[in-house]
Amino acid sequence: MATDKKLVIVESPAKARTLAKFLGSGYTLKASMGHVRDLPKSKLGVDVDHDFAPQYLNMRDKLTVLKELKEAAKKAGTVYLATDPDREGEAIAWHLKEATCTPSVPCRRVTFHEITKEAIAAAFKSPRDVNMNLVNAQQARRILDRLVGYKLSPLLWQKVRRGLSAGRVQSVALRIIVDREREILGFKADEYWTIEVELSKLVPSTPKSFKALLIGSGDKKKIAIGNEAAAGDIVADLKPAEYSVAKVTSKDSPRQPAPPFITSTLQQEAYRKLRFSAKQTMAVAQQLYEGLSVGAEGSVGLITYMRTDSTHVASSAIAETRDFIAEKFGSNFLPKSPRLFARQVKGAQEAHEAIRPTSTRREPAAIREFLEPNQFKLYQLIWQRMVASQMAAAVFENVTIDIDARKTPSKTRYTLRAQNSKNTFPGFMALYTEGRDEEEEAKTPPLPSLSENEMLKLLDPKAGIKPEQHFTQPPPRFTEATLVKTLEQFGIGRPSTYAPILGVVQEREYVTKDKGAFKPTELGVAVSDLLVQQFPEVIDTGFTAQMEDKLDKVADEGLDWVKVVRDFYAPFEKDLATAEEQLERVPMPIEISDECCPQCSKEKLLIKVGRFGKYMECPACGFRQSFRIRTGVMCPNCPEKGEIIGRYTKKGKLFYGCSAFPKHSFAMNAKPLPEPCPKCGGIMGELKPGQKSCQNPECADYKGKRFFRRSTTSSAASSSKSTTAKAKIKTSAKRAKPTRSKPTAKEK
């Protein structure tokens, strides 16, 4: 029987706990744990012949949750669906309404972009119906991705190898990486030379000397030096030349702060400064948004919603930030009027807010003790970016000196230039500076005080002129930051899709990381070339961007989503039929391991891929075993004297464990290193390139959350410690896990 009690359904328990603090005893909070309905895993689940009708099923792992939600909904007077404020959140709300609500109980939608008392109160004062335009936009995307994934992936299994996947956006991202690699391989370097001259005033000064770069010859403002001989001729002219100051220019140049974060810029900056992957960034941001316990305040949402493409900031947040800046830094660090940022990217949703702290007054240092290290680092980054965005511009004094070098009596003339940039007012840079994808700007040395027509002298005729050879460089490989930036510039994907895209191209072994940059594998190149050859329109950046625009119109203007899907599917189906009939199997190189067959010892084991992932097989006797990576590190305290080897879980995650399993169970997530810990003698693990730590929980150098161990031969005390360590990791993993359900391998 329904009561006056109000039921609020959200995605996660953390969000439920935070909301409960603000809503009070009149509300019951329940968590759906993400999606509750989805397309079936075992079949296409889309009725192509009847307007692409989706066949949604209740998810098996959510049956218990759904049962609880239904029972709670029957007892409630009103049901509020408080899922995330984006298309996917709207779709989850609709699925919850369809699966749990009954006509006798009102079912309303509430949205908020930050979990604060004011935002929650405003949301519950003005509930609304589920926005079907947003639902249809998400539904269209889901169906398009399902059609592409379920149709193209089997084609790859037939023509390349099993276990592969293709995706409407994923495959375009892979093409971008492969195309860049081809640019790099086909790049032809051009030689060029620069000439730097060290000069000084005629009378001693500070600094004693300065360097000027050759930039022009005669009346030409630019000079190109293509080889050593040409450079030598110029050096010969410069040695006896007379040097004089032709022009001195000095001007103040303001540097404005970057806008507050949107999803893509947060992922880029978190990679640049913290080396967080896009997936890691979004997982930690989800925790900050949903709420964490910060001492006496209890559980509070620390940032606004983290999936957004808008730089808009609420006027109340701007006012609070400006007051904070005036108090903390002084009025000279505060611009006269609030700084507003216009979002130039197509499809930006100005009704949403940028990613910012829910309260500027909640300084990172004040809550550091309550946050895990990664939570603190990301919160500090978001907080600094928001505060800096409302601070005064930094001011630089830029001095440029043009110098004439004349050789008499031939009257040959060259132009050299010396520059210096000096920060005269730090402004926002007192708190924060934006990271860069390219090399940092070289710091320019100070210049002496010079005036026009002033004569100068060459410091040393022999060593004062320095010709230097250079070669043009190929375009760099994409990092996580630059790939997200490129996808955004092309208009491919949306805030919620960047992290999954980057994750799946690595999980499928289409790309590897080389010094933090994406490098396509032979498999990735083969898959990309096949798809581009057979489906040139589908795997095209412009076409994919147009599709995103159409999905935006479904959400914003109510464009018919069925027509959008039909217009895509008709030509796609024809290309698919042609490919299945005409395409020949793509030969892939055989991968040979370093391990000899333990059964016949005749041949080295071949690495193959089957239905359940990689395995190793002997070409001589047919012996098979699970795929493993040799490390050469012996398992500690192992009675079987086993080696720690790398293996993959069923979900494709790499871990390292004892080769004597199940007789001896030992496992760790970090890559084991051959050198022992200098403090305790335990195993050292590589957490990520360049970062290592001891994997013994009792060691002072131990870095947690990446270690787990099970030992069948350990003592009771040791087992207890191991269980505690595992429990901590399990809790951390739950906290970090995104609330949204992952698509299946086929859908990807």
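This report describes the overall build, the annotated positions, the cysteines and some selected residues of one protein model.

The model is predicted: local features require pLDDT of at least 70 and side-chain atom pairs count only at pLDDT 80 or more, while totals for chains, interfaces and linings use all residues. Residues are numbered from 1 along each chain as its sequence is written, and side-chain values use heavy atoms, with hydrogens and water left out.

## Overall build

The protein contains 18 helices and 30 strands; these are DSSP runs numbered from the N terminus, with helices (H or I) of at least four residues and strands (E) of at least two. Taken along the principal axes, its C-alpha atoms fill a box of roughly 100 × 75 × 65 Å. Of the 748 residues in the protein, 48% are buried. Here buried means under 20% relative accessible area, exposed means over 50%, and partly exposed lies in between (1.4 Å probe, protein chains only).

The accessible surface comes to about 37400 Å², and 51% of this surface belongs to carbon and sulfur atoms. Such areas come from the Shrake-Rupley method with a 1.4 Å probe; for residues, only the protein chains shown count as cover. Among contacts in the protein with a separation of 6 or more, 68% are between residues 24 or more positions apart, a contact being heavy atoms within 4.5 Å.

There are 119 positive and 89 negative side chains, and the centres of the two sets lie 6 Å apart. Lys and Arg count as positive and Asp and Glu as negative, whereas His and the chain ends are not counted. Each charge is placed at NZ of Lys, CZ of Arg, CG of Asp or CD of Glu.

## Annotated positions

An unreviewed UniProt entry gives the annotation "domain: Toprim" for residues 5–116. UniProt positions are given in the numbering used here, feature names are shortened, and annotations may be inferred rather than shown by experiment. The span 5–116 is 34% helix and 22% strand, and its end C-alpha atoms lie 22 Å apart.

Threonine 83 is located in the loop between strand S7 (78–81) and helix H3 (87–100). Leaving aside neighbours within four places in sequence, the contacts of threonine 83 include Ile9, Glu11, Lys15, Arg109 and Val110. Threonine 83 and phenylalanine 518 are separated by 435 residues in sequence and by 34 Å in space, C-alpha to C-alpha.

The unreviewed UniProt entry also carries the annotation "active site" at Tyr305. Tyrosine 305 is placed in the loop between strand S13 (299–300) and helix H10 (315–328).

Arginine 180 belongs to helix H6 (residues 170–185). Apart from neighbours within four places in sequence, arginine 180 touches Pro475, Pro476, Arg477 and Phe478.

The table lists the accessibility of selected residues.

| Residue | Relative accessible area | Class |
|---|---|---|
| Threonine 83 | 2% | buried |
| Arginine 180 | 18% | buried |
| Tyrosine 305 | 2% | buried |
| Methionine 33 | 40% | partly exposed |
| Asparagine 453 | 64% | exposed |

## Cysteines

A disulfide is a covalent bond between the sulfur atoms of two cysteines. The structure holds 1 disulfide, a term used for a pair of cysteine sulfur atoms within 2.5 Å. The bond joins cysteine 101 to cysteine 107, with an S to S distance of 2.3 Å. Both cysteine 101 and cysteine 107 are buried.

Cysteine 618 is in no disulfide, and the nearest cysteine sulfur, that of cysteine 600, is 3.6 Å away. Cysteine 618 is buried at 2% relative accessibility. For cysteine 658, the closest cysteine sulfur belongs to cysteine 635 at 3.7 Å, which is too far for a bond. Cysteine 658 is likewise buried, with a relative accessible area of 1%.

## Backbone features

Threonine 206 and proline 207 are joined by a cis peptide bond, with omega of about -5°. Proline 207 is in the loop between strand S9 (191–201) and strand S10 (210–217).

Methionine 33, a residue other than glycine, has a positive phi near 60°. Methionine 33 is in the loop between strand S2 (27–31) and strand S3 (37–38). Asparagine 453 also is not a glycine, yet its phi is positive at about 75°. The loop that holds asparagine 453 runs between strand S15 (412–425) and strand S16 (455–458).
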